[in-house]
Amino acid sequence: MGQFEAAIDMQFMAERSHDTLSFLLHDAFKLEELTGPAVGNYSTSPWHFGGEDTVHTKVVSISLSNTVGPSEQVSISWKYAGRLSNEQIPNIGGAVVTPHWTELPLEAMWIPVHASIKNRFTFDAKIDLPKNYEVVSTGVIWETDSVWHIQSPVPGPDVPLIISDQMQKQSYTNGEVPLTVYHGGAPDSLTSFVAERTGEILDRYAQRFQDGSDTDELRITLAPVERATPSSYARTGLIALRHDTKPNTSLFGLIAHEAAHLWWTDSVNPMSRHNFLNESFAEYESWLALQEVYGDSLFQEKLIEARKTAQKAPSFYDWKPRFDMALSYNKGPVLLHELRQRIGKSDYQLFVRSLQQNDTGTLGEMIGTLKEVTNSDTATWFRKKL
């Protein structure tokens, strides 16, 4: 279980002059080969983060044989192998290794990641799996002679892989976007609820937001096992829902939040996006979807609870990961509700569409857009509220 062998050909453009490069890689993987035109030698060391060694992660430092200048292409080939168990998976979210359902977001630690490429990349991968295993991921997927091919031209932060030898699927084509629900034996009541409600939500969002979500088809997975962290997530064309979901209003809200990320992730600047422009907008849109379908009382409950948490939240300009729940998921949607009340539904919708049309990624750009859509007084008011 968890046997991993990888061969990666990596190409990226240098953003500045480099004599050395540093990559993160899981400590369970042994490097068998590391080559490239500019690669001299390399060494490994523990990854220090926050003053402490981070368990199961190492830094691979590469000394280049010649300096690589800005805008020069860097090519590196990697070969490494190792065996993973659940105890070796850092507590970072959607990951689990079991005999019948394995889920790994191939990011730093599984795929070598260097800070200079901002953790976003395209990929063309081949996955060699035992017979009867199936893969769900983003991008285009096809199988030839028991080798799975995954390809995506859309830059992303990782390559999510959901692998199972008990994969079942149901396809639904009632909405504007065809979708397939993948699961490991979920009841029909759950898969039908997920498919039908997701279709309704996507149709609503398509009318509300600027342009499309870059999603011609949507894959949804229902994990039958609990991940390292019981979270859900979305990538272009994929929503992975957490373990032990039930067909109720909580699941509806979760789907609405993740579906909003089809617009509020890659639709904004991926190199400088502030989490307000990712999580806060997605969370508030899920509240609005709940209000439209289930009535105002559920919306008010969300608002009241979020206001309690938001009272102790710092400024968004002091954002740090440990503040994210209080800020992005509570204070942020509360402020967006106050803004919508102040400027009205029509101008708020124009504001949202302008953010997406302009590929807005920073708080400063967001305030500038608000000023253009409304006026200086509103922009100043909202900036102080942040």
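Please keep in mind throughout that the model is predicted.

Let me begin with the whole molecule. The protein contains seven helices and 17 strands. Its radius of gyration is 22 Å, close to the 21 Å that the globule rule gives for 386 residues, so the protein is as compact as a globular protein of that length. Along the principal axes, the C-alpha atoms fill a box of roughly 60 × 50 × 35 Å.

I turn now to the end of the chain, and to the pair mentioned at the start. Helix α7 covers residues 376–385, and α6 packs against α7 at an angle of about 150°, with the two axes 7 Å apart. The pair α6 and α7 is therefore roughly antiparallel. The crossing of these two helices is right-handed. On the α6 side, the contact is formed by M366, I367, L370 and K371, which meet S376, T378, A379, F382 and R383 in α7. Sorted by class, this contact of α6 with α7 has five nonpolar, two polar and two charged residues.

Helix α6 also has a contact with α5. Here α5 spans residues 324–357 and α6 spans residues 363–373; their axes come within 10 Å and cross at roughly 115°. The helices α5 and α6 are therefore roughly perpendicular to each other. This crossing, too, is right-handed. From α5, the residues L339, D347, L350, F351, S354 and L355 meet M366, T369, L370 and V373 of α6. The classes in the contact of α5 with α6 are seven nonpolar, two polar and one charged.

Which helix packs against α5 at an angle of about 120°? That helix is α4, residues 296–310, with its axis 9 Å from that of α5. The pair α4 and α5 is therefore oblique. The crossing of α4 and α5 is left-handed. Helix α4 contributes F299, L303, E305, A306, R307, T309 and A310, while α5 contributes A326, N330, K331, V334 and H337. These residues divide into six nonpolar, three polar and three charged.

Strand β6, residues 73–83, pairs with β3 in the antiparallel sense over five bridges. Within that pairing, K30 stands opposite A81 of β6.

The other sheet is likewise open, with three strands in the order β8-β11-β10 and antiparallel pairing. Its edge strands are β8 (121–128) and β10 (140–144), each of which pairs on one side only. Neighbouring strands here are turned against each other by 15° on average, direction ignored. How many bridges join β10 to β11? There are five, and strand β11, residues 147–156, runs antiparallel to β10. W142 has H149 of β11 as its bridge partner.

That concludes the presentation.

Technical notes:
Residues numbered from 1 in each chain as written. Predicted model: local features only at pLDDT ≥ 70, side-chain atom pairs only at ≥ 80, totals over all residues. Heavy atoms only, no water. Pairing = 2+ DSSP bridges. Helix = DSSP H or I, 4+ residues; strand = E, 2+ residues; numbered from the N terminus. Axes fitted to C-alpha atoms, helices over the stretch in contact; angles between N-to-C directions. Parallel < 35°, antiparallel > 145°, perpendicular 65-115°, else oblique. Left-handed = near helix turned anticlockwise from the far one by under 90°. Contact = heavy atoms within 4.5 Å. Nonpolar A, V, L, I, M, F, W, Y, C, P; charged D, E, K, R; others polar. Rg over C-alpha atoms; globule rule 2.2 N^0.38 Å.
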